[in-house]
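Good morning, and thank you for making time for this item.

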Amino acid sequence: MKDEEELKRKIVEISMRLYHKGLVVGTGGNVTARIPGSTYILATPSGVRKELLSPRDIIKVDMDGRLVEGRLRPTSETPMHAEIYRVRGDVNAVVHAHPPYCTGFACTRLPLGSPILPEAIVVLGEVALVEYATPGTRELALKVAEAAEAHDALILANHGTITLGSSLEEAYLRTEVLEEYARVLFISTLLGGPKPLSAGDVERIREL
Ligand SMILES: [Zn+2]
C-alpha cells in the first residue's frame, strides 16, 4: 500500500515534468508503473490534463487494461502499456508522450538512426520506429509490444513516443533524451547534415 501511494505520487510528478517540458499537451500522453510483485498497473486516467493531476486521480488496472480501482476511466492507450509489461519482465515503468521533434520524425517516418550524440547512444540504445496503427487499438498494442521486446525507446509513426525503464525516473529520462536527440538531429540536418560518429566511436561509447 505504501509502495502504491509512493508510485502514485511519482506518476503525478513525472506527468507534471512531461507537461512543463512541452513533451505532452492537453490530455495527451500517459504514464504507467507496475506495482512491484503484482499483475497490476497504476496509470494516468483518460481525459485529465497532465498538469492538473493529483495522486487520487491515478487508477489501478489489470494486465488486460480493466479498471480495478479508481474513480476515473483508464486511457484508451492502456493496452499498449499492458502488452509491454507482458513481454518485458524487467520493465516497471512506461512513458508515452507526444514530444514535438520526435513526433515530427514520426510523421515523416524518418528514422532516428544516426549515431550523433554519445548520451543518446548510452541512454536509448537503438530507437525503434513502429508502423502506424490506430491509437487505442489492439493492433497498435501488439506492434508496440513486438518492438519493445528489443528496444527501450520507440517512435510510433504519426503519433508520438514510448520509452521504458526499470523505474519511472529511467523511463522519463529516456523520453527527455529522445526528444533532445530528435531536436539536435533536426537542427544539424538544417545546418547541412550531421556528421555521425564512426562505428569505432560508437563501440567505445557502448563499452562505457
Ligand atoms: Zn498517444
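**A walk through the model**

Tyr 19 is partly exposed, at a relative accessible area of 26%. Please bear in mind throughout that we are looking at a predicted model. Tyr 19 belongs to helix α1, which covers residues 2-20. Setting aside neighbours within four places in sequence, its contacts are Val 24, Arg 49, Lys 50 and Glu 51. For a sense of scale, 26 Å separates the C-alpha atom of Tyr 19 from that of Gly 113, 94 residues away along the chain.

Val 123 sits in helix α4, residues 118-124, and is buried, with a relative accessible area of 15%. Beyond its neighbours within four places in sequence, Val 123 touches Leu 173, Arg 174 and Val 177.

I turn now to the metal. Which residues supply the protein donors of the zinc ion? They are Glu 77, through OE, and His 96, His 98 and His 159, each through NE2, at 2.1 to 2.4 Å from the ion. Along the chain, these donors follow the spacing E-x18-H-x1-H-x60-H. The angles among the 4 donor atoms run from 84 to 165°, and the site is classed as irregular. As a reference point, the ideal angle for four tetrahedral donors is 109.5 degrees. Of the histidines, His 96 is buried, at 0% relative accessible area, whereas His 98 is partly exposed, at 30%.

Next, the helix packing. Two packed helices are described by the angle between their axes and the distance between the axes. Helix α2, residues 78-87, and helix α5, residues 138-148, have axes that come within 8 Å and cross at roughly 35°. The crossing is right-handed. On the α2 side, the residues involved are Pro 79, Met 80, Glu 83, Ile 84 and Val 87. They meet Arg 138, Leu 140, Ala 141, Leu 142, Val 144, Ala 145 and Ala 148 in α5. Why is α2 described as largely enclosed by the rest of the structure? The reason is that 7 of its 10 residues are buried; among them are Met 80, Glu 83 and Ile 84, which also take part in the packing against α5.

How many disulfides does a search of the whole structure find? The search returns 0. The sulfur of Cys 102 has its closest cysteine sulfur in Cys 107, 11 Å away, which is too far for a bond, because a disulfide requires the two sulfur atoms to lie within 2.5 Å.

Finally, the backbone. Most residues other than glycine have a negative phi. Arg 109, although not a glycine, has a positive phi of about 60°. Arg 109 is placed in the loop between α3, residues 100-108, and α4, and is partly exposed, at 44% relative accessible area. Asn 158 is likewise not a glycine and has a positive phi, of about 55°. Asn 158 lies in the loop between β7, residues 153-156, and β8, residues 160-165, and is partly exposed, with 36% relative accessible area.

That concludes the tour, and I am glad to take questions.

How values were computed:
Residues numbered from 1 in each chain as written. Predicted model: local features only at pLDDT ≥ 70, side-chain atom pairs only at ≥ 80, totals over all residues. Heavy atoms only, no water. Donors = N, O, S within 2.8 Å, 3.2 Å for Na, K, Ca; no water. Tetrahedral: all angles 85-135°; square planar, octahedral: opposite > 155°, others 65-115°. Buried < 20%, exposed > 50% of the residue type's maximum accessible area, 1.4 Å probe, protein only. Helix = DSSP H or I, 4+ residues; strand = E, 2+ residues; numbered from the N terminus. Contact = heavy atoms within 4.5 Å. Axes fitted to C-alpha atoms, helices over the stretch in contact; angles between N-to-C directions. Left-handed = near helix turned anticlockwise from the far one by under 90°.
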